[in-house]
Amino acid sequence: MKHYVYADNAATTEIDIGAFDIMKSFLLNNYGNPSQPYSLSRTPKKAVKEARQCIAECIGANSDEIFFTSGGTESDNWAIKGTAFFMDKNKNIITSEIEHHAILNSCLSLEKMGYSVLYLQPDKNGVITPKELESKITNQTKFVSVMLANNEIGTIQPIKELCEIAHKHNALFHTDAVQAVGHINIDVKDLGIDLLSSSAHKFNGAKGTGFLYIKNGIEMHSFIDGGLQESNLRAGTENVAGIVCMATALKNNILQLDKNQKYVKKLETKLLSLLEKDGLNYIRNGGENTLPGLISLSFPGFDGEAILHCMDLMGIAISTGSACDSKRKKVSHVLKAISLDEKVAKGTIRISLGKNNTEEHIERIANSLAKILIKQ
Ligand code: PLP
């Protein structure tokens with residue numbers, strides 16, 4: 001795969017090699033169960049404690065506010081259902097139309113159980129405005145969930161303002177930060193949020209590991225029942241290797257955050273200017289404030305899926321929309337929610353650049369797109 005250009009970093013990322021080495025040592029050598037009292041378990045137990053502390057520091061939390069999970073989907077399910085189970089069914093939940101299906105389908109399950117859910121509409125750039133939340137929230141609202149950054153179009157939401165509105169109405173505020181953690185600065189105390197979901201494989205950790213930040217004092221129902229792990233809220237022997245890998249990968253990303261952001265933004269600018277130079281007619285989705293490197297482009301009159309397959313034949317991986325959605329063939333719910341014309345939406349691709357991409361990759365992506373879209 002040496003010459004393959006991977007430009008689908010919003011779907012998943014290449015593992016951090018230092019984090020992988022540490023992970024390997026916890027699979028091959030320090031494999032003791034952290035709950036056991038003998039010496040083989042001492043190192044894994046200490047490693048889990050240190051990983052919790054490290055992750056907490058990366059997002060401005062306390063270590064006892066970090067709960068390990070199997071990834072973003074579990075964290076989202078737990079955040080919503082774990083709080084809803086403490087809620088009267090005559091109160092309501094508010095989320096947005098552009099959330100990941102981990103949130104939308106969790107809400108759907110709750111609706112089937114008799115809970116009431118209201119959906120916020122984004123503006124044409126994908127922004128959930130404070131005004132939109134103000135128009136739907138009431139004192140009957142118990143829980144608000146709005147993602148920090150959208151996985152399809154990259155829009156970064158005004159989380160601090162949304163959170164203040166939720167708190168004014170005594171509602172809890174959760175954010176799905178799966179695409180944002182490790183890529184932009186996040187301080188949970190400064191933002192004021194109560195719960196935050198994250199997933200390691202989006203920031204160069206391993207798949208199947210994640211965490212949920214739960215602010216101290218929030219009443220939370222356990223999600224997986226069994227042993228006493230994770231303060232008796234999420235049972236099951238800890239995925240020690242995955243947890244240690246996640247903490248190392250996140251710390252490495254945070255240490256290089258400014259540098260990585262500038263580098264990826266530079267690649268993004270170069271790609272767009274090459275496309276313009278080639279005379280390609282595109283619409284950029286997601287507005288002004290988007291995740292560095294996440295570029296949603298619509299080519300009116302073209303078919304995004306056909307572009308994806310042509311790019312794949314040319315050795316380049318991109319996406320049509322959300323990778324988690326590849327089995328759903330309908331126009332993406334996000335593009336629909338921002339009122340993109342169906343014909344334009346069909347011609348949409350997502351290029352998501354990461355720190356491992358190079359200037360040469362950008363030239364290959366631009367050349368390949370020009371070949372597909374101009375010379376076909
Ligand atoms: N939330 C968002 C915004 C995502 O982009 C994804 C995955 O693409 C998830 C949740 C699910 O995360 P995981 O793959 O770790 O289950």
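Biologist: Which residues does Leu 196 touch, leaving out those up to four places away in sequence?
Modeller: Leu 196 touches Ile 59, His 174, Thr 175, Ala 177, Val 181, Ile 186, Val 188, Phe 211, Leu 212 and Tyr 213. Contact means heavy atoms within 4.5 Å. This is a predicted model, where local features need pLDDT of at least 70, side-chain atom pairs count only at pLDDT 80 or more, and totals for chains, interfaces and linings use all residues. Residues are numbered from 1 along each chain as its sequence is written, and side-chain values use heavy atoms, with hydrogens and water left out.

Biologist: Which residues touch the most other members of the largest nonpolar core?
Modeller: Ile 186, Leu 196 and Phe 211 do, in a core of 67 residues. Helix α9 (residues 240-255) gives the largest share of this core, nine residues. A nonpolar core is a set of buried Ala, Val, Leu, Ile, Met, Phe, Trp, Tyr and Cys residues joined through side-chain atoms within 4.5 Å. Buried means under 20% relative accessible area, exposed over 50%, and partly exposed in between (1.4 Å probe, protein chains only). Helices (H or I, at least four residues) and strands (E, at least two) are DSSP runs, numbered from the N terminus.

Biologist: His 174 came up. Is strand β6 covered on one face or both?
Modeller: Both. Leu 172, His 174 and Asp 176 are buried on one side, and Phe 173 and Thr 175 on the other. In a regular strand the side chains alternate between the two faces of the sheet.

Biologist: Which way do β5 and β6 run, parallel or antiparallel?
Modeller: Parallel, with three bridges joining β5 (residues 141-145) to β6. Strands pair if DSSP finds at least two bridges between them. Phe 143 has Leu 172 as its bridge partner in β6. On to β7 (residues 195-199): β6 pairs with β7 over three bridges, also in the parallel sense. There, His 174 is partnered by Leu 195.

Biologist: New topic. Why does Asn 92 count as buried?
Modeller: Because its relative accessibility is 10%. Asn 92 sits in strand β3 (residues 92-96). Its side chain makes a polar contact of 2.8 Å with that of Thr 141. A polar contact is a pair of N or O atoms within 3.5 Å; within protein, one must be able to donate a hydrogen and the other to accept it, and residues adjacent in sequence count only if both atoms are side-chain atoms.

Biologist: And why is α3 called largely enclosed?
Modeller: Twelve of its 13 residues are buried, so the rest of the structure largely encloses α3. Trp 78 and Ile 80 are among the buried ones.
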